Structures are given as C-alpha cells and as structure tokens.
Amino acid sequence: MTSIQSVLAAFAIILIDLLGRAGLDKVLALSGGPAVVALWAQLQSVVELVSAVTLAGVLQGLTVLIAQISDPRDERSLLRDALKLGLGTSVAVALIVILASPELVVWLTQKKIDTDLFLLAALAGCITVVPATLNAYWLGKHQQQRMLALALLTSAILLLVAASAWFGLHLRGLMWMQSFALAIIGIVIWRYLQQLSRTRAGQEDGAKYFRKLVKFVPVGLAIGIMSPVSMLLVRSMLSGSLSWSDVGFLQALWRSTEWVTATAAGVLSLIFLPRFSATYGSAQFKKEMTHAGVMVLIPAACLLLLIFFNQRVMLAALYDARFMVSDETAALIMLGSWIRIASWVFLFGLFAAHRTWLIMAGEILSLPLYALLLWLFADGMTLERTALLYFVSYLVYLGFNAIALLYSSRKITGSAAQ
C-alpha cells in the first residue's frame with residue numbers, strides 16, 4: 001500500500017523539518033541565549049494556536065476522507081471545502097488572538113514581547129493553513145514524494161529566519177521575515193490549489209463528504225486550541241515559579257526529544273494514518289495497529305535512551321554549554337515522551353475511526369492536564385517536578401486513548417456481526 005519511495009520521502013520530510021528547527025534554535029541560543037529561545041517558542045505557539053485548529057481537525061479529516069474515496073469529482077469538492085473550512089476556522093481564531101493580544105502579552109510573557117508580534121504570529125498561523133492543505137491532500141493520495149518537494153520549499157523559511165537571527169535581527173525582525181516568506185509561498189500554493197480544485201465537466205455533489213469533513217472541525221478546535229494554549233500557559237507559569245532561563249532549558253530538552261517524537265508522529269501521520277483509514281472496520285486494521293506499534297515504539301525507546309545517556313553532549317551541541325538539566329529531569333522527560341508516542345498510535349486509530357468526540361475528550365487529558373498539574377503543584381516547583389508531572393499527564397492520556405479505541409473497535413465489530 002505504501003511504496004519504498006513514499007516511506008523514504010516521509011522520513012526525508014521529517015528530517016528536513018527537524019534540521020530546520022534545530023538549526024534555528026542553535027542560532028537563537030548563540031545570538032540571544034536561553035530566554036530568547038523560550039520567547040521565540042511562545043510566539044511559535046501562537047502561530048500553532050491559529051494554524052493547528054485547522055491542521056489537527058479539518059486537514060486530518062481531509063487526509064482520512066481522501067484516502068477512503070476514489071471519485072476525482074469528490075476529491076475536488078473535498079479539497080475546496082477543506083480550504084474554505086480550514087481558512088475560516090483559523091481566521092476566526094486569529095481574530096480572537098488579535099483582540100486579546102494586549103492582555104495575552106502581559107499574561108503569557110510578562111510584557112517581554114510586544115503586542116504587534118502576537119499580531120504577526122496570528123497572521124503567520126493563517127497563512128500556514130494554505131501549504132498545509134496541499135500537504136494533507138497529497139498525503140491522502142499517498143503522494144509523499146510531492147510532499148517532500150513542498151517541505152524543501154517551506155524549509156527555506158526557517159533558513160531565512162536563522163540567517164536573520166545570525167545577522168542580529170531581534171524578535172520583531174524575525175517575525176516579519178517569517179510572515180513575509182510565508183506569504184510569498186502561500187500565494188503561489190493558493191493559485192495551485194485553485195487550479196487543482198477547479199470544477200470540471202459534470203456536476204459535483206460533495207454534500208455527503210462535506211458533512212463528514214465538518215465533524216473534524218470540533219476536533220481541530222479542541223486539539224488546536226488546547227495544546228498550544230496549554231504550552232503558552234506552561235511556559236508562563238514556569239517562568240513565574242522558576243525563570244525564563246529555566247523555561248529555555250526545559251524547551252531545549254523538549255526540542256532534543258523532538259528528534260524522536262516528531263519522527264514518530266511523522267511516521268504515524270505520513271505512513272500509517274492513510275493505512276489506518278483504508279483498513280478501519282476490517283481485520284487488517286488490527287494488524288496495521290500492531291505493525292505501527294512495533295515499527296514506532298521499539299526504535300523510539302532505543303533512541304530516547306540514547307539521548308538520555310548523552311543528554312549533556314546533545315544539549316551543548318544543539319544549543320550551548322549553558323543548557324543543562326539533571327539526570328532525573330532528563331529521564332522523566334524521556335519516559336514521558338515515549339508514553340506520549342504510544343498514546344499517538346491509538347490517537348491516529350481514533351482519527352481513522354472518525355471518533356471525533358472521543359478525541360476531543362482525550363485531548364483534555366494531555367497538555368491541558370499537564371498545565372493543570374503544574375498549577376496545582378506550583379509551590380516549590382523544580383525542573384524535576386515539572387518532568388514528573390509531564391510523565392503522569394501522558395500516562396493518563398495513553399490509558400484513555402487505548403480504552404477509547406478498544407471501545408470503538410468492539411462497537412463496530414458488534415455492528416458488523418449484527
């Protein structure tokens with residue numbers, strides 16, 4: 001179902017993204033220090049807040065539905081609807097961010113970031129939806145090679161921002177550079193999407209699929225809002241109970257684990273989500289789930305152990321020698337990251353099953369639960385406690401997703417038997 005070329009392209013896409021982010025973080029660490037790394041992460045969480053409501057909802061639905069249909073007319077209709085729904089959702093969230101930005105700047109950054117930077121971040125989040133829509137469409141059609149070309153194009157944005165930071169631009173200049181580069185790429189891709197989704201001879205009635213696509217909107221709102229907002233709150237709370245430098249250290253540790261977690265998420269999304277979607281409801285689905293677990297979790301465990309035993313060297317290489325955490329902190333973050341990956345195996349199974357309400361309910365038990373635990377146990381906070389609570393929150397999330405998918409699978413098996 002998935003060719004060797006597609007698998008290699010998927011890994012290349014993941015690697016390009018990781019290298020780009022790591023390179024930018026390295027330049028930010030050298031030019032501005034841990035605090036700048038943390039503040040840039042806050043701004044990017046605003047970008048993710050605006051874009052993820054579409055990426056985690058409508059565009060996941062687009063990938064799932066494209067993988068399950070074969071009529072070109074339905075595909076064109078779905079693509080048009082996904083673009084409209086996605087942009088509409090992200091623009092609505094962006095407007096809320098813009099209106100609330102004066103208060104958000106005080107609440108989330110203690111005025112370390114100016115209000116206009118939140119506006120630029122919201123704009124960048126809206127533009128991000130355009131190339132992401134094309135990515136989701138190609139993913140549903142198993143066209144990872146084309147996605148690789150797009151990944152190379154969009155990676156130029158991170159390169160430009162890193163170069164700008166190296167030459168001394170501050171956060172405002174970096175955000176302007178990111179928004180300008182995104183706008184250029186977004187315009188080109190927008191024109192291509194218009195051609196790709198243009199109505200051709202014959203009538204196209206995508207109402208039946210449109211209704212299915214709309215079901216993913218609440219999922220996007222839940223995941224897309226709760227996850228970035230939770231990270232914004234996590235960094236804000238930790239900056240108060242610890243310091244922005246400590247937040248920078250923790251951000252660096254999370255980034256180091258992203259070489260594993262992002263790779264695992266990419267494999268599950270780029271390779272297994274289309275396969276889950278095509279086989280859900282059949283005996284093959286369970287085999288695909290088992291295959292995904294073996295292919296993802298065993299290598300992830302080995303790589304996270306490798307990072308743990310070399311975490312000081314890795315943090316110094318990715319950032320600089322100032323970035324250090326205790327072995328206990330590193331161990332708990334690595335374990336929590338592995339549990340997080342395990343929870344995603346079941347999460348993508350729930351996406352394939354269209355269990356949108358279960359996905360939304362479970363999302364509360366991931367990063368939002370983590371933010372709540374940090375607030376409840378804020379007195380005497382340490383990096384070690386921060387890491388322990390991270391592990392606990394994702395252990396709860398894993399349990400919920402596993403039970404939810406088991407329930408959904410048994411329900412559909414019972415319906416088929418009847």
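This is a predicted model: local features need pLDDT of at least 70, side-chain atom pairs count only at pLDDT 80 or more; totals for chains, interfaces and linings use all residues.

Tutor: Residues are numbered from 1 along each chain as its sequence is written, and side-chain values use heavy atoms, with hydrogens and water left out.

Student: Are H3 and H4 roughly parallel or roughly antiparallel to each other?

Tutor: Helices here are DSSP runs (H or I, at least four residues), numbered from the N terminus. The axes of H3 (residues 72-109) and H4 (residues 115-140) come within 8 Å and cross at roughly 160°. Axes are lines fitted to C-alpha atoms over the stretch in contact, with angles from 0 to 180 degrees between N-to-C directions. Angles over 145 degrees count as roughly antiparallel, so H3 and H4 are roughly antiparallel.

Student: Which helices each supply at least two residues of the lining of the second largest cavity?

Tutor: A cavity is a set of points on a 1 Å grid over the protein atoms alone where a 1.4 Å probe fits but cannot get out, and lining residues have an atom within 4 Å of a point. At least two lining residues each come from H1 (4-32) and H9 (244-279).

Student: Which helix gives the largest share of the lining of the largest pocket?

Tutor: A pocket is an open set with protein on both sides within 12 Å along at least five of seven lines. The largest pocket holds about 420 Å³ of space. Of its 21 lining residues, the closest to the centre are Phe-285, Lys-286, Met-289, Leu-405 and Ser-409. The largest share, 8 residues, comes from H15.

Student: How many residues in the lining of the second largest pocket are nonpolar?

Tutor: The second largest pocket has a volume of about 300 Å³, and Phe-11, Thr-263, Val-267, Met-295 and Val-296 lie nearest its centre. Ala, Val, Leu, Ile, Met, Phe, Trp, Tyr, Cys and Pro count as nonpolar, Asp, Glu, Lys and Arg as charged, and the others, Gly among them, as polar. In this lining 2 residues are polar, 1 is charged, and the nonpolar count is 13.

Technical notes
Angles under 35 degrees count as roughly parallel, over 145 as roughly antiparallel, 65 to 115 as roughly perpendicular and the rest as oblique. Grid points are joined across faces, edges and corners, and a volume is the space filled by probe spheres set on the points.
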